[in-house]
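Thanks for coming. I will go through one model and pick out some local features. Please look at the sequence and the structure first.

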Amino acid sequence: VERGKQLPGLEVAWFGDGNNVLNSVLEAAGLMKFNVRVATPAGYEADTNFVARARSSGASIYETSDPSEAASSADVLMTDTCVSMGQGDADARRAAMDSFRVDSTLLSLAKTDALFLHCLPAHIGEEVSETVFEGDRSVVFDQAENRLHAQKSILLWSFGRLA
């Protein structure tokens, strides 16, 4: 809503690894009734349990290995790092994720007012191009600020400072 996007019915496109961030997006989709188009390479698909729960909660989850298909008419494009800390197969992951990089071509397939999200830190040139990351449709720093406030609220709640 902060950027004019309304839930439910939002079309979110995810690109890359079927990781913990995607699991959170799928869980949120079920709770808030938005739709997710998941574009992952073979062997890096979304966790089937999270997909099933989101679908059973009313979210439409579409899985594909074609990034262009996922980007088409999306309201939001999202990705995360190709390689997380401690993963030993970095070269293989980067190679598998190369065609899932969010770049200006993918962004051009989305709606004209589509936004780009990334949970940070980003590896520019790997999962996202510099043009998209630094572009006027990128809201990654607003996203980071909102996460900061959410984490502060959780800390206050856990210390009994919020009811």
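In which loop is the place of Ser-73? Ser-73 is in the loop between helix 3 (67–71) and strand 4 (76–79). Helices here are DSSP runs of H or I with at least four residues, strands are runs of E with at least two, and both are numbered from the N terminus.

Before going on, the ground rules. This is a predicted model, where local features need pLDDT of at least 70 and side-chain atom pairs count only at pLDDT 80 or more, while totals for chains, interfaces and linings use all residues. Residues are numbered from 1 along each chain as its sequence is written, and side-chain values use heavy atoms, with hydrogens and water left out.

Back to Ser-73. Its phi is positive, about 60°, although Ser-73 is not a glycine. At 38% relative accessibility Ser-73 counts as partly exposed; buried means under 20% relative accessible area, exposed means over 50%, and partly exposed is in between, with a 1.4 Å probe and protein chains only.

Lys-33 also goes on the list of backbone features. Phi of Lys-33 is near 60°, a positive value in a residue other than glycine. Lys-33 is in the loop between helix 1 (20–32) and strand 2 (35–39), and with a relative accessible area of 36% it is partly exposed.

Next, the cis peptide bonds. The bond from Leu-7 to Pro-8 is cis, with omega near -5°. Pro-8 lies in the segment before strand 1 (11–15) and is exposed, at 55% relative accessible area. Pro-121 lies in the loop between strand 5 (115–118) and helix 6.

Both Leu-120 and Pro-121 turn up again in the lining of the second largest pocket. On a 1 Å grid over the protein atoms alone, a pocket is an open set of points with protein on both sides within 12 Å along at least five of seven lines, a cavity is a set where a 1.4 Å probe fits but cannot get out, and lining residues have an atom within 4 Å of a point. The space in this second largest pocket is about 160 Å³. Volumes are the space filled by probe spheres set on the points, and grid points are joined across faces, edges and corners. By class, the pocket lining has five nonpolar, three polar and one charged residues. Ala, Val, Leu, Ile, Met, Phe, Trp, Tyr, Cys and Pro count as nonpolar, Asp, Glu, Lys and Arg as charged, and the others, Gly among them, as polar.

How many cavities of 30 Å³ or more are there? The count comes to one. The largest cavity has a volume of about 30 Å³. The cavity lining divides into three nonpolar, three polar and four charged residues.

Now the rings. The structure holds one aromatic pair. The ring centres of Phe-133 and Phe-141 are 5.8 Å apart and the planes are at 80°, so the pair is edge-to-face. Rings of Phe, Tyr and Trp (its six-membered ring) pair if their centres lie within 6.5 Å; planes under 30 degrees apart are stacked, over 60 edge-to-face, and the rest tilted. Phe-133 counts as buried at 8% relative accessibility, whereas Phe-141 counts as exposed at 53%.

Phe-133 has a further contact, through its backbone oxygen, which lies 2.9 Å from a polar atom of the Ser-138 side chain. A polar contact is a pair of N or O atoms within 3.5 Å; within protein, one must be able to donate a hydrogen and the other to accept it, and residues adjacent in sequence count only if both atoms are side-chain atoms. Ser-138 is in the loop between helix 6 (130–133) and helix 7 (140–158), and is buried at 15% relative accessible area.

Last, Gln-143, in helix 7. Gln-143 is buried, with a relative accessible area of 16%, and a polar atom of its side chain lies 2.9 Å from the backbone nitrogen of His-118.
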